[in-house]
Amino acid sequence: MPAYATRETHPMHRRALATALTTATLIVTAATAASAAHETGIHDNCTKFNEKYPHGVGTRKAVDKTSGTKVTTFKRNNDIYWLAEKHNPDLDRDNDRIACEKA
Ligand SMILES: [Ca+2]
């Protein structure tokens, strides 16, 4: 390696850097595509989910995890809850088995 060549300018390191950047770009693109797939439909966010299920949906034995007044009016349906959880875990961030609970 010539004296002027640093790790960044040496051709071999440049190629490795280019490969790393390409890999990083592919990962970001894949992540963007994955989140884009959730930008349609009721699982996008709680605003859309609550349009169909105004009080949210929980598993049959779910109990609202709140220090305030517990929501008990949510729909109880294991299938709908787990489908929502699979599509977008953010719908139940407090993991109390109720997606988008709202009084
Ligand atoms: Ca919840």
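Predicted model: local features only at pLDDT ≥ 70, side-chain atom pairs only at ≥ 80, totals over all residues.

Author: Helices and strands are DSSP runs numbered from the N terminus, a helix (H or I) having at least four residues and a strand (E) at least two. On that basis, the elements of the protein chain run α-α-β-β-α-β from the N terminus on. Residues are numbered from 1 along each chain as its sequence is written.

Reader: What makes the three strands a sheet, and what is their order?

Author: Two strands pair if DSSP finds at least two bridges between them. Strand β1 (residues 57-58) and β3 pair in the antiparallel sense over two bridges, and Glycine 58 stands opposite isoleucine 98 in β3. The three strands form an open sheet in the order β2-β1-β3, with mixed pairing. In general, strands of a sheet pair through backbone hydrogen bonds, either parallel or antiparallel.

Reader: Why are β2 and β3 called edge strands?

Author: Strands β2 (75-76) and β3 each pair on one side only.

Reader: How do you know whether tyrosine 81 is buried or exposed?

Author: A residue is buried if 20 or more other C-beta atoms lie within 10 Å of its own, exposed if 12 or fewer, and partly exposed in between; the C-beta atoms are placed from the backbone. Tyrosine 81 has 24 other C-beta atoms within 10 Å, and is therefore buried. This residue is found in helix α3. Over the protein chain, buried residues make up 20% of the 103 residues.

Reader: Which residues does tyrosine 81 touch, leaving out those up to four places away in sequence?

Author: Two residues are in contact if their C-beta atoms, placed from the backbone, lie within 7 Å. By this rule, tyrosine 81 touches Val57, Gly58, Thr59, Arg97 and Ala99. The C-alpha atoms of tyrosine 81 and valine 57 are separated by 5.7 Å, although the two residues are 24 apart along the chain. Valine 57, for its part, is in contact with Phe74, Lys75, Asn77, Ile80, Tyr81, Ala84 and Ala99, leaving aside neighbours within four places in sequence. For the protein chain, residues 24 or more positions apart account for 53% of the contacts with a separation of 6 or more.

Reader: What makes a group of residues a nonpolar core?

Author: A nonpolar core is a set of buried Ala, Val, Leu, Ile, Met, Phe, Trp, Tyr and Cys residues joined through C-beta atoms within 7 Å. The largest such core here has 13 residues, of which Phe49, Val57, Ala84, Leu91, Ala99 and Cys100 touch the most other members. Helices α2 (46-52) and α3 (78-87) and strand β3 (98-99) each supply at least two residues of this core. In soluble globular proteins, nonpolar side chains tend to be buried together.

Reader: Why does arginine 97 count as buried?

Author: Arginine 97 has 20 C-beta neighbours inside 10 Å, and therefore counts as buried. It lies in the loop between α3 and β3, and its phi is near 70 degrees, a positive value in a residue other than glycine.

Reader: How do you know whether aspartate 92 and proline 89 are buried or exposed?

Author: Aspartate 92 counts as buried because it has 23 C-beta neighbours inside 10 Å. Its contacts, leaving aside neighbours within four places in sequence, are Glu85, Arg97, Ile98 and Ala99. Proline 89 has 11 other C-beta atoms within 10 Å, so this residue is exposed. Proline 89 lies in the loop between α3 and β3, and aspartate 92 has its place in that loop.
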